[in-house]
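Look at the fold below and follow the strands and helices in turn.

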Amino acid sequence: MDLNITPKQKQFIDAEASEVLFGGAAGGGKSFAQLIDALLFALKYPGSTQLILRRTYKELERSLIRVALEIYPRQVFRYNSSKHVGSFENGSIIDFSYCDKENDVYQYQSAEYDVIRFDELTHFTEPMYVYLISRVRGTNGYPKQIKSSTNPGGVGHSWVKSRFIDVGPPNSEHDGKIFIPAMVQDNVFLMESDPGYVKRLEKLSEKDKQALLYGNWDIFDGQYFTEWNRKVHVMSPFEIPKHWRRYFVMDYGLDMLAGYWIALDTYGRAYVYREVYQSGLIISEAAKRIRQLTDEKIYANIAPPDLWNRRQDTGKSAAQIFAENGVPLVAAKNDRVQGWYNLKEWLHPCKDEQGEEIAPLRIFSNCLNLIRTLPSVAMDSKNPNDVAREPHELTHAPDAIRYFVAGRPTPAVAIAQYDEDAPGYDTQLNDIFNYGG
């Protein structure tokens, strides 16, 4: 049997992670990859069982079932339209089914599958997905996987993004999960047969175009930081020059310590280069954790002003306890709206000296929680100039960065202006590298 597939489709078929997501732009060949993968699995593992899901039967009949009947060899495959079951001569089975309401998952309560395949995963809710994971089981020794395909958007956009996109870079496995991005340009067969498809996508609304043409997971209705562009704001880590000025900034509560180390270059551009994101730490433990992660001179440790409120039980403020544990703090301004306005300016793209598009604030790719939450916060429904305070888990990291920009951080001194042959050069270097933190 001759099959023409793209390199990305092959990557999806070959993926061995427990949970695989093939997603991104429309026209990337995701549904076709699912069907080919299901066919190859059924033929390779006799008597295997698979489940292919959409929200409704109608969606299946108009897409996957129709294509399966076109491409699956009739000499080995039969489809029972009344039972929605595809069977193979070697005893393998594919159930084509639905899950429209959350209670629908219980129709699979006693079922066992080797592979469950969600087509358009963002159309499903997280409870549906999590429950159905439990149906992937069996003692036949065959591989057990959940393999999904989708575009950005839909009722499940946020949880799918959190589960697959925000956990780390694409095309590599993270805790048993892998995200394989797909662009319409990857589908060479579609580009050849329908070259006008891209032009039709370009005529969509900006939001739909970002999702369906560019596969952008970082845009949604009501998004506060519409300036966010992962390609502009996220970058690979590099060694920070010693003369750059460094700050530590945090949002602290028992529910979460969100702390960030930020360096400013001589142009005043900021680079968020390290993250601590940990819950359940009392103040002394939080201070100890900060000290453990700090191996450089810090110009200032910036924190929200409410940490200076005295506590009734001890008579001390949180700021005082942090100082006693080796982390002296500087209070930031807490004007929320002005702070968010300032942060939007820091995120606004601009051109560097070489004409490349950058932003005044960029983030190293290892700061996963900041990258996850900053583009995810929404406008406050009662005050669109403010960021919504719920879900609260999304606000810790953005609040920390807001305190940083509110402090009007000053850039590093350009080391080139110092003369190595001048008297007192060593003293000048000491002034640069020892920031007194």
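Strand β2 (residues 49-54) and strand β5 (residues 93-98) run parallel, joined by 6 bridges. Helices (H or I, at least four residues) and strands (E, at least two) are DSSP runs, numbered from the N terminus. Two strands pair if DSSP finds at least two bridges between them. This is a predicted model, in which local features need pLDDT of at least 70 and side-chain atom pairs count only at pLDDT 80 or more, while totals for chains, interfaces and linings use all residues. Residues are numbered from 1 along each chain as its sequence is written, and side-chain values use heavy atoms, with hydrogens and water left out.

Stay with β5. Thr49 has Ile93 in β5 as its bridge partner. Ser87 also stands opposite Ile93. Strand β4 (residues 85-88) pairs with β5 over 3 bridges, in the antiparallel sense. The hairpin of β4 and β5 has 4 residues between the strands, and there Gly91 takes a positive phi near 95°.

Tyr98 also belongs to β5. Buried means under 20% relative accessible area, exposed over 50%, and partly exposed in between (1.4 Å probe, protein chains only). Thr56 is 42 residues from Tyr98 along the chain, yet their C-alpha atoms are separated by 4.9 Å. Leaving aside neighbours within four places in sequence, Tyr98 is in contact (heavy atoms within 4.5 Å) with residues including Leu53, Arg54, Asp104 and Tyr108.

Now turn to another sheet. It is open and holds 7 strands, in the order β9-β17-β12-β11-β10-β13-β14, with mixed pairing. Its edge strands are β9 (234-235) and β14 (330-331), and each pairs on one side only. Within this order, β10 (residues 245-253) and β11 (residues 256-264) run antiparallel, with 9 bridges between them. Tyr252 stands opposite Leu257 in β11. Strands of a sheet pair through backbone hydrogen bonds, either parallel or antiparallel.

Next comes helix α13 (residues 336-347). At 1.5 Å a residue, its 12 residues should span 16 Å, and its end C-alpha atoms are 16 Å apart, which agrees. The expected span is 1.5 Å times one less than the number of residues. Which residues of α13 are buried? They are Arg336, Gly339, Trp340, Leu343, Lys344, Trp346 and Leu347. Seen down the axis of α13, these buried residues fall within an arc of 160°, so they line one face of the helix. The arc is that of the directions from the helix axis to the C-beta atoms. An α-helix has 3.6 residues a turn, so residues three or four places apart point the same way. The buried residues of α13 pack against α10 (230-233), β12 (270-278), β17 (361-364) and α15 (396-406). At the start of α13, a side-chain oxygen of Asp335 comes to within 3.4 Å of the backbone nitrogen of Val337.

Gln34 sits in helix α2 (residues 30-44). Gln34 is buried, with a relative accessible area of 3%. A polar atom of its side chain lies 2.9 Å from the backbone oxygen of Lys147. Not counting residues up to four places away in sequence, Gln34 touches Phe12, Arg117, Phe118, Lys147, Ser148 and Ser149.

Last, the cysteines. The structure holds 0 disulfides (pairs of cysteine sulfur atoms within 2.5 Å). Cys99 is buried, at a relative accessible area of 0%. Cys350 is partly exposed, at 31%.

Terms used
Polar contact = N/O pair within 3.5 Å; in protein donor to acceptor, adjacent residues only side chain to side chain.
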